[in-house]
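I opened this model to look up a few things and kept notes as I went.

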Amino acid sequence: MATASTSPAFLAPNKRLGWMLANLVALLILVAQVLTTETTMPTQNMSNKERAELREEARDMFYHAYNAYMENAYPADELMPLSCKGRYRGVTPSRGDMDDILGNFSMTLVDTLDTLVLLGDFTEFEHAVKLVIRDVQFDSDIIVSVFETNIRMVGGLLSAHILAEYLQKHADTMHWYKGELLEMSRELGYRLLPAFNTSTGIPHARVNLRLGMKDPQLKKSRETCTACAGTILLEFAALSRLTGDPIFEVRAHAAMDALWKLRHRGSDLMGTVLNVHSGDWVRRDSGVGAGIDSYYEYLFKSYVLLGDDKYLARFNRHYNAVMKYVSEGPMLLDVLMHRPHAKSKNFMDSLLAFWPGLQVLSGDLKPAVQTHEMLYQVMQMHTFIPEAFTVDFQIHWGQHPLRPEFIESTYFLYRATGDHHYLQVGKRALKTLQQYAKVSCGYAAVNDVRTGKHEDRMDSFVLSETIKYLFLMFADPQDLIINVDEFVFTTEAHLLPLSIAQLGNATFSFRQSDEHNVLDFMRTCPSSNKLFPEKVRKPLRNFITGSCPRTTAGKRLSALDFQASNADHLRAVYDMGITMVSVGDRSQGKVRLFHSFYNAKSHEEGEMGLQFMQEMLELTKMQSINQLAQLQAVAYATDEKAQEWIALMAGPSHFSPELIGDQFVQGDVVLAKPLRACDELLENAEEAKGKVLVAERGDCTFVSKARLAQKVGAAALIVCDNVPGSSGETQPMFAMSGDGKDDVLIPVVFMYSVEFGKLSAVMQRRKQPLRVRVMQMVEFKRWQLAKAQRQNQTATATPKPDKEL
């Protein structure tokens with residue numbers, strides 16, 4: 001879900017009142033703007049006229065979508081912009097779990113109420129509030145997402161209530177309003193509370209609005225995502241403090257405390273999916289994107305809104321871990337929380353685009369500028385940022401549901417720096433939506449950014465976040481009835497006032513304990529030279545090859561960017577005095593690099609070449625460490641006495657148990673019949689019992705093969721690749737992914753074709769079945785090293801016979 005922020009401030013660990021924070025924000029923005037003006041004038045300054053025109057275009061975009069919803073879809077939850085009708089739960093054809101956001105409670109209108117106030121349309125806001133009070137009800141036998149219902153509905157109702165009371169005082173309107181929206185949010189909050197009845201205090205992912213957790217479909221409910229459980233506190237704390245009912249805030253604090261205890265104590269990282277009853281991790285991938293994003297956001301904003309120091313300390317611990325393990329330059333790549341040097345994915349998802357905005361809030365501006373620049377180049381390359389893209393910036397998932405995260409970060413970077421570059425980026429985002437997403441009945445999600453094909457979908461966040469942030473980007477403070485610096489934006493961009501901290505039901509006072517130390521509270525403002533985004537963006541201008549024109553003057557190619565298939569890169573390394581020589585079989589693509597100052601085009605490029613070689617050495621070391629940390633081994637003895645062993649590399653899986661330390665599984669190798677192992681039962685099930693089963697990749701999922709192998713009693717499973725010639729020597733090893741269930745109890749490893757071919761050749765030569773050991777590669781190497789040391793000690797201890805005369 002969209003992750004939102006507010007007030008681009010560099011926050012100290014002590015508690016402050018709302019007016020102090022607002023003044024600090026204004027002061028720091030002013031300083032940043034003055035310093036920027038004196039040092040480097042931003043390029044392509046936008047005139048006040050153009051900015052006003054874009055503000056009005058954003059306003060027109062809102063009403064085009066809002067009117068389409070009100071005229072063709074209300075009181076449905078969402079507008080279907082291609083068929084121009086409403087989406088109702090139980091009426092419109094089901095989209096599966098995706099429909100858990102729907103509750104037949106006019107979600108788009110509730111989610112949009114506070115945007116009307118920011119636009120200054122008090123008449124329509126009053127009309128919309130009356131409609132919500134009259135038409136919206138929650139007593140429905142419908143299962144909904146706790147996370148989505150909280151951020152969109154509870155947050156929307158609370159924000160609208162706060163702004164309705166604000167308008168009563170400052171705009172002399174809505175005097176009839178008596179807090180009805182607050183009572184509705186309280187009722188909805190109570191309907192969500194049964195989800196918190198777990199042994200850990202971490203809420204279930206879903207709840208029935210009428211039956212709570214007594215719905216038969218929820219009996220097996222046990223898994224939720226970190227963001228789902230950790231994105232509750234802002235709304236529930238505000239609900240408690242506005243109603244005087246503490247139960248909501250107490251439950252939300254308990255959930256956050258339980259999540260904190262589940263972090264990996266060695267890395268300080270969190271996984272993405274967990275069991276709400278046992279607290280066990282189901283998916284240990286750790287990053288800043290889908291499944292975990294707004295958990296980090298709510299840690300920081302809970303400190304800002306509530307003044308509870310422990311949330312700042314927790315955020316800082318997690319943030320330092322993310323920057324240490326997940327951040328790679330401008331990229332953010334998922335790792336395993338328990339093996340943080342091992343990458344778990346080779347792609348990034350678009351939800352991580354919120355991260356630069358959160359970094360602005362926390363005062364770490366330089367990496368925010370870098371990641372935002374990378375994302376902007378992805379957008380330039382593909383028109384929209386695709387739902388997921390690979391580490392070489394190709395499309396992994398091509399959808400784009402008009403998400404707000406990139407625009408949100410662009411807004412906060414502009415607020416923090418005053419750099420008009422971000423206004424230009426915002427303009428491009430606005431024009432792209434107008435050109436490629438606008439339809440006659442609203443704005444349609446893009447099903448595939450490669451083809452531009454539309455999807456019959458307009459999520460409520462298009463109005464509550466995407467267009468809201470565009471409008472705010474081009475609006476001047478005097479255009480708004482409220483000072484947004486006096487509010488915290490929730491993850492759905494709803495407004496909660498900083499003054500909430502002064503209300504009753506105060507959070508527990510935090511005292512330093514064993515789980516925190518003084519370093520967790522130490523955050524410093526960045527030095528002034530980091531406040532100039534142009535200086536930071538410039539080295540990244542061609543970060544994504546092909547997205548921008550190549551410039552040769554003074555542009556140094558880094559080892560991280562180098563691609564052997566890129567002709568420009570090959571010319572660049574040749575000019576730096578680097579020669580590439582093929583090693584071994586050319587089909588494997590292995591090369592050795594040699595550097596010589598005498599071959600460089602100039603002394604300067606010779607120095608660049610030396611730096612390139614040093615970077616390449618460091619990359620090679622890191623890759624070796626990362627690969628070794630996650631590599632598995634399939635080992636076999638080369639002789640009958642089992643004196644000498646050979647290990648072939650294999651990859652791990654996310655869904656099977658780890659073989660830790662000196663643990664291994666040993667057994668004879670048996671080929672599955674049929675080899676793909678996708679049927680309900682194997683033809684050689686009896687033969688496979690207690691053996692190491694081999695199945696070929698394809699026709700069904702990895703985890704399906706594993707369950708079948710486990711069902712017939714196999715001791716372990718080896719999945720061999722179905723692509724001829726594939727090899728771990730030339731391709732990165734990956735971890736096989738599952739389906740979120742943790743029911744596989746046998747080890748499962750993956751072998752590329754070349755490595756399995758070697759194993760297969762040995763099997764064919766042996767008269768007896770081949771016995772193998774499945775274990776960690778690093779443990780195999782330790783085992784072999786220890787054996788060699790014992791042999792050396794034995795040879796040294798054995799006395800030599802006297803030499804004959």
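**Entry 1: disulfides**

I started with the rule: a disulfide is a pair of cysteine sulfur atoms within 2.5 Å. In general, a disulfide is a covalent bond between the sulfur atoms of two cysteines. The model is predicted: local features need pLDDT of at least 70, side-chain atom pairs count only at pLDDT 80 or more, and totals for chains, interfaces and linings use all residues. I number residues from 1 along each chain as its sequence is written, and side-chain values use heavy atoms, with hydrogens and water left out.

How many disulfides does the rule give? I get 3 disulfides. I looked up one of them, Cys84 with Cys441, where the sulfur atoms are 2.2 Å apart. The torsion about this S-S bond is about 75°, so the disulfide is right-handed.

Next I placed both ends. Helices (H or I, at least four residues) and strands (E, at least two) are DSSP runs, numbered from the N terminus. Cys84 sits in the loop between β1 (78-80) and β2 (85-87), and Cys441 in the loop between β16 (438-439) and β17 (442-443), so the pair ties together parts that are 357 residues apart in sequence.

I noted the background first: most residues other than glycine have a negative phi, and most peptide bonds are trans. Cys84 came up again. Its phi is positive, about 55°, although Cys84 is not a glycine.

Then I looked up cis peptide bonds. One joins Tyr74 and Pro75, with omega about 10°. Pro75 is in the loop between α2 (48-72) and β1. Another cis bond runs from Lys673 to Pro674, with omega near 0°. Pro674 belongs to the loop between β26 (665-671) and α20 (685-688).

**Entry 2: α3 against α4**

Axes are lines fitted to C-alpha atoms, for helices over the stretch in contact, and angles run from 0 to 180 degrees between N-to-C directions. Helix α3 (residues 107-118) and helix α4 (residues 122-135) have axes that come within 9 Å and cross at roughly 155°. How do they run relative to each other? α3 and α4 are therefore roughly antiparallel. Here is the scale: under 35 degrees is roughly parallel, over 145 roughly antiparallel, 65 to 115 roughly perpendicular, and the rest oblique.

The crossing of α3 and α4 is left-handed. That label applies if the near helix is turned anticlockwise from the far one by less than a right angle; clockwise is right-handed.

I checked contact, meaning heavy atoms within 4.5 Å. Leu109 and Leu113 of α3 take part, as do Phe122 and Phe125 of α4, among others. By class I find 11 nonpolar, no polar and 1 charged. Ala, Val, Leu, Ile, Met, Phe, Trp, Tyr, Cys and Pro count as nonpolar, Asp, Glu, Lys and Arg as charged, and the others, Gly among them, as polar.

**Entry 3: α10 against α11**

Helix α10 (residues 293-306) and helix α11 (residues 309-326) pack at about 145°, with axes 7 Å apart. This crossing is left-handed. The contact includes Tyr295 and Phe300 of α10, and Asp309 and Arg314 of α11. I find 9 nonpolar, 2 polar and 2 charged residues.

**Entry 4: a sheet**

Two strands pair if DSSP finds at least two bridges between them. I found an open sheet of 3 strands, ordered β5-β6-β7, with antiparallel pairing. β5 (223-225) and β7 (281-283) are the edge strands, each pairing on one side only. The twist averages 35° from one strand to the next. Strand β6 (residues 273-275) joins β7 through 2 bridges. Val273 has Arg283 of β7 as its bridge partner.
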